[in-house]
Amino acid sequence: MSSPSALSSEALAAIAKARTKAELEAIELEYLGRKSGRISSLLSGIGKLDPAERAKLGQAANEAKRAIEAGLAARQAEIESARLADIAETEAIDITFPGPPLGRGHIHVLTQVRRQIETVLESLGYQVELGPEVETEWYNFEALNLTAGHPARENWDSFYFTPELLLRAHNSPVQIRAMQRIKEPPIYIITPGRCYRRDAPEATRLPYFSQVEGLAVDHALTVGDMKGTLLYMIQSLYGKARKVRVRPSYFPFTEPSFEFDVTCGICNGMGCKSCRHKGWLEVGGCGMVHPQVLRNGGIDPTRWNGYAWGFGIERMAMLKHDVDDIRLFYESDLRFLEQF
Ligand code: DAH
């Protein structure tokens, strides 16, 4: 039978080789198990020994037991710290590691087009003038010669808050505000911004959209000045190949009034499917400011005259990028927006 010290060195050798907690537990059971552990078994015949031998063996067995326990605890600590070091290496998060790059947004196509229009007209001396989207009846209609009951009001079906207040149906009211604010011509302003009409959304119209209104008030302006300005704007935006034309029309706030057309960029004015074989695309209205409108803005029509226009910004963006459905601009679909 092995001596306690032989047993303990045997156990310590096994402990040194153990690699897992389970192996250590097996060793503990083998040597220190209460009933059949090898140390306990050593003591089973101890009663038959004489007292001196008994004390010696008991002491030696206790020492062996303590040595094995200490060995188990030390090895257990080693195994645990190796396990933690391993986790630190394989699973730890390196907080200094750069993350995936953030996707960068860009300016919405309508904002791009609006800024291009502003840049071109600012280069001609026009200033950007803004007005409120919630307007009074007077600025939105009355001051523009659209008196109550005027049949032309039907063209601007509006959203009303009260009989006096509405969402502006066009940007023309800012003409009046600009004249009142600036007072003394020359006045050269453009007014980009939203307006609202009671229309159901379709490929060509929406209940909300953007216009850029222009107003020039000066001495002896002519339709030629207006047409030249608009031609310059269109060619700056769409290229020199584009031609423009004005067609007689009617707006209560201008006299004479015109529709303003640009040659289709797809067929160069030859006529194709997208311009419905006309060769021309309509951009908006324009004309020479009506004397009463000047008066409503506080300007003396015997000393000054003016021209004005109002174009749809979505329409201008559609012309530039050959977009055939106005709703796309507001659907926030990245597959559409990322193209611009
Ligand atoms: N306000 C008009 C509309 O919304 C557009 C317009 C036409 C504006 C002629 C003008 C103009 O300044 O002279 O349909």
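Analyst: Happy to. Let's begin with patches, which are made of residues with over 30% relative accessible area and no salt bridge, like charges being joined within 9 Å and nonpolar side chains (Val, Leu, Ile, Met, Phe, Trp, Tyr) within 5 Å. Lys and Arg count as positive and Asp and Glu as negative, while His and the chain ends are not counted. Here, a positively charged surface patch brings together Arg34, Lys35, Lys65 and Arg66. A word on the source: this is a predicted model, where local features need pLDDT of at least 70 and side-chain atom pairs count only at pLDDT 80 or more, while totals for chains, interfaces and linings use all residues. Residues are numbered from 1 along each chain as its sequence is written, and side-chain values use heavy atoms, leaving out hydrogens and water.

User: Is arginine 34 buried or exposed?

Analyst: Buried means under 20% relative accessible area, exposed over 50%, and partly exposed in between (1.4 Å probe, protein chains only). Arginine 34 has 80% relative accessibility, so this residue counts as exposed. Its place is the loop between α2 (21–32) and α3 (38–42); helices (H or I, at least four residues) and strands (E, at least two) are DSSP runs, numbered from the N terminus.

User: How many salt bridges does the structure hold?

Analyst: A salt bridge is a side-chain nitrogen of Lys or Arg within 4 Å of a carboxyl oxygen of Asp or Glu. The structure has 16 salt bridges. In one of them, glutamate 129 pairs with arginine 181 at 2.7 Å, N to O. Glutamate 129 sits in the loop between β1 (127–128) and β2 (134–136) and arginine 181 in helix α7, so this pair ties together parts 52 residues apart in sequence. Glutamate 129 is buried, at a relative accessible area of 7%.

User: Which residue forms a salt bridge with glutamate 142?

Analyst: That is arginine 153, with the closest N and O atoms 3.4 Å apart. Glutamate 142 is partly exposed at 25% relative accessible area, whereas arginine 153 is buried at 14%.

User: What about arginine 327 and aspartate 325?

Analyst: Their side chains meet in a salt bridge of 2.9 Å, N to O. Arginine 327 counts as partly exposed at 30% relative accessibility, and aspartate 325 as buried at 17%. Elsewhere, salt bridges with shared partners join Arg245, Arg247, Asp261 and Glu282 into one network.

How values were computed: Areas by Shrake-Rupley, 256 points an atom, 1.4 Å probe, with all protein chains shown as cover. Charge placed at Lys NZ, Arg CZ, Asp CG, Glu CD.
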